[in-house]
Amino acid sequence: MTALDSLRAFAVVFVAALLQVVIVSSLVIAGGAPDLLLVVVVALGLLRGSVPGAAFGFVGGLVVDVVTLGTLGVTSLILTLAGFWAGRYAETTGRDRRLAPLIAVGTITVLAGAFGYLLHYLLDAEVVAGTVLVTALVPAFFLNLILALPVFALVRRLVGEAQRELAPEVEVLV
Amino acid sequence: MPRQRSPRSAALGLTVRRIPTTIPSRSSGTLRRRLVVGLLVLASLVLISLSFRADESGPLGGVQSAGATVLRPFAVGFERVAQPFRDVYGWADSLLTARSEAETLREELREARQRAIQSEYAVQENVYLRDLLDYRDGPRFPADFDPVAAEVIGRPSGAFTQAIVIAAGSNDGVRANDPVVTADGLVGVVTRVTSGTARIQLLTDEEAAASAIDLRTGATGIVRHARGTRETLVLDRVRKQDVVRRGNEIVTAGWRAGALSSLYPKGIPIGRVTSVGQTDTDLFQQVQVDPYVDFGALDAVLVLVPTERGG
């Protein structure tokens, strides 16, 4: 990944983090709000690999935690793991699957919700499981799925796709 | 290009050509990947530990405050750009409920007119009686506060906390624990402050609570978030012998006990009672309150800064 690519990806994550905090979080539909930043981090993980996915997840989470004056590191940890998992999925079983963005976004939304709940529970925050895991997560799941393909296409257009390592290739000449 | 023939390909009479590729060592790539991710996870855990344990005046609080100050112009800029779109969304949303809302408002207006006349008499009587008693009281709303108007510039994502971030901070006189209101009623309380921004814990947060009173009957309780809902409140700890009726108005109680006093001054509207119930086994009544404030559509708020602090 070149310095220019990294800069472009950083700009995408930065804008997505601010959009999430300023606008998207307040767009509550049927009890839940979409998570644009999570979808962008997943898209970056799918397109650029597990290490860039994790790194941009960390940066995006840090921006959110700083702007919202929340506990530093909470969103970073969730998004680091989300970006890493998306990247590993793309590097292994998700390679060349058309529905990979949908599968990754859907799975990671559920896992991130559950992990976020666990993390807040461990930090002794008053969080009701029913509200977080059902009332808010179910609509967020579907809203994130709606965002998945357009955001993936947009991020691919802005950041591009990583060149994959070539597997050993054998050409048979008859 | 060199030809490499295996016994099998030679037997089949095939020509096999290997295409050279640059394949990085698989083990070093895996090690690098694990190292980077491990470091990022470790950094997150260190940040969580430090942020959770340290207070706002600590080094990490200072870093976060500086970061928030740097990012504030971006957040304010995004908010300004987003405002027209938010207005359109709000307008479209309000169209769906306009008819039923208009009818409710007409009814409320009739009631309000009658109560305004009654209140006027009560105020005059109250002033006279207070003078007689030389009454000592806590800060009163809105007379003992200077409101600081602030734009809402952010919300944490996810349903873990109910909070907003506003574009006013310690430079504007805002301090932690200052109450926050809108023209409709109580919003919450300031929990964290930087020089240019502040975080407000909304009344719908699981950890928020305010002592409250039924304006008509005087029944007291604690307003908190109703579990399993997003924006409904409950008036908790109302004794069974106290009277609370559907439609009654709930306002902050604003108690004072010696040097201690409620964070919220008395008389800030909170909401209207929508249902009252009780069971034989419960110690208290179950009172549901519909808040006046639309917590999902907050654009600007007023932070109540005590006048005595300014002076």
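Guide: Two strands pair if DSSP finds at least two bridges between them, and strands (E, at least two residues) and helices (H or I, at least four) are DSSP runs numbered from the N terminus. This is a predicted model, where local features need pLDDT of at least 70 and side-chain atom pairs pLDDT 80 or more, while totals for chains, interfaces and linings use all residues. Residues count from 1 along each chain as its sequence is written, with chains lettered from A and ligands numbered from 1 in the order written.

Visitor: Let's start in chain B: which residue in β13(B) stands opposite Glu249(B)?
Guide: Glu249(B) belongs to strand β10, residues 249-252 of chain B, and three bridges tie that strand to β13(B). The two run antiparallel. Look across from Glu249(B) and you land on Arg272(B).

Visitor: And what stands opposite Arg272(B) in β14(B)?
Guide: β13 covers residues 269-277 of chain B and pairs with β14(B) in the antiparallel sense over six bridges. The two strands make a hairpin, with six residues between them. On the β14(B) side, Arg272(B) faces Asp290(B).

Visitor: Which residue of β14(B) does Leu235(B) stand opposite?
Guide: Here we turn to β9, residues 233-239 of chain B, which pairs with β14, residues 284-291. That pairing is antiparallel and has five bridges. The β14(B) residue opposite Leu235(B) is Val287(B).

Visitor: What is the average twist from one strand to the next in that sheet?
Guide: The sheet is a closed barrel of six strands in chain B, in the order β7-β8-β9-β14-β13-β10, with antiparallel pairing. Angles are taken between axes, lines fitted to C-alpha atoms (for helices over the stretch in contact), and run from 0 to 180 degrees between N-to-C directions. Going from strand to strand, the twist averages 40°.

Visitor: There's another barrel: which residue of β6(B) is the bridge partner of Val189(B)?
Guide: This closed barrel of six strands in chain B runs β2-β3-β6-β5-β4-β15, with antiparallel pairing. Ignoring direction, its neighbouring strands are turned by 45° against each other on average. Within it, β5 (residues 186-193) and β6 (residues 198-202) run antiparallel and are joined by five bridges. Val189(B) has as its partner Gln201(B).

Visitor: At roughly what angle do helices α1 and α6 of chain A cross?
Guide: α1 is residues 3-22 and α6 is residues 129-159, and their axes come within 9 Å. The crossing angle is roughly 145°.

Visitor: Last one: which element gives the largest share of the side of chain B that touches chain A?
Guide: The contact between the chains takes 52 residues from chain A and 49 residues from chain B. On the chain B side, β1, α2, α3 and β2 each give two or more residues. With 11 residues, the largest share comes from α2(B).

Technical notes. Two residues are in contact if their C-beta atoms, placed from the backbone, lie within 7 Å.
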